Amino acid sequence: MNPTHSKSELLYVHIRRSLLSGRYLPGQRIDPATIAGEHSTSPTPVRFALYRLVGEGLVADHARAGLHVPLPTELTLRDLYDWMQRLLQMACRMGATARRNGKPDSLARCDDPVKRTRHLFDAIAQGAGHRSLHEGVKRANDRLTPIRHAKQGLIEDPHEELSRLAGLWHERDVPGLEAAIHEYHARRQELVPRIVALLNERREEFPQ
């Protein structure tokens, strides 16, 4: 394997994990030179890794303004929440609850609601037994994760909300789960203006 591509693969994994862990938040600039310095490498493999993430929708290329974590508008965030809701409800109808493997809420005691949300939504989608649907949920999960990190505090009790969803999933209550998924996303649709305003406020704190 070409050494540049090998290094690029390692950097891709590292940067992706950083994005999903909340190190980079929506609107924040990602500087290839800084990352290259952190990893004692040239900017070339860093750029390869970053443009791979551009293709996945996790990084946005603003040309002369550089590379940033996508900062959604109200319209794009509403669309993303609607897409996730539709995918999860489709997974329910395709038999997610009936084909579950293991306990869906194994992270029930996890203090990180972002991690719990990713795990639960992935389990619901995986249980549908449809690869393309599962991939769609994973991609939507990835795009929403930086937003979930940034908006923590706007949801009063996210663990109670997630425990209810997990309980319905584990009990194979498909109608109840579909309704709860709708309610979950309806709450977020109501919060979209506040979420976008918060993201824009935090953007002002980032060095440009």
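Biologist: Where is Ala63 placed?
Modeller: In this predicted model, Ala63 sits in the loop between strand E2 (60-61) and strand E3 (67-68). Its phi is positive, about 55°, although Ala63 is not a glycine.

Biologist: Why is Ala63 called exposed?
Modeller: Exposed means over 50% relative accessible area. Ala63 has 60% relative accessibility, so Ala63 counts as exposed.

Biologist: Which loop holds Ser40?
Modeller: Ser40 is in the loop between helix H2 (32-38) and helix H3 (43-55). Ser40 is not a glycine, yet has a positive phi of about 50°.

Biologist: How do you know whether Ser40 is buried or exposed?
Modeller: The cut-off for exposed is over 50%. The value for Ser40 is 70%, therefore Ser40 counts as exposed.

Biologist: What makes Gln189 buried or exposed?
Modeller: Buried means under 20% relative accessible area. Gln189 has 19%, so Gln189 is buried. Gln189 belongs to helix H8 (residues 174-203).

Biologist: Which residues are in contact with Gln189, leaving aside its neighbours within four places in sequence?
Modeller: Those residues are Arg78, Tyr81 and Asp82. Contact here means heavy atoms within 4.5 Å.

Biologist: Where in H8 does the kink lie?
Modeller: The kink is at Leu191, shortly before the proline Pro193, and amounts to about 55°.

Biologist: What does Asp173 do at the start of H8?
Modeller: A side-chain oxygen of Asp173 comes to within 2.9 Å of the backbone nitrogen of Gly176. The cut-off for a polar contact is 3.5 Å.

Technical notes. Residues are numbered from 1 along each chain as its sequence is written. This is a predicted model: local features need pLDDT of at least 70, side-chain atom pairs count only at pLDDT 80 or more; totals for chains, interfaces and linings use all residues. Side-chain values use heavy atoms; hydrogens and water are left out. Helices (H or I, at least four residues) and strands (E, at least two) are DSSP runs, numbered from the N terminus. Buried means under 20% relative accessible area, exposed over 50%, partly exposed in between (1.4 Å probe, protein chains only). The bend at a residue is the angle between axes fitted to the seven residues ending there and the seven starting there. A polar contact is a pair of N or O atoms within 3.5 Å; within protein, one must be able to donate a hydrogen and the other to accept it, and residues adjacent in sequence count only if both atoms are side-chain atoms.
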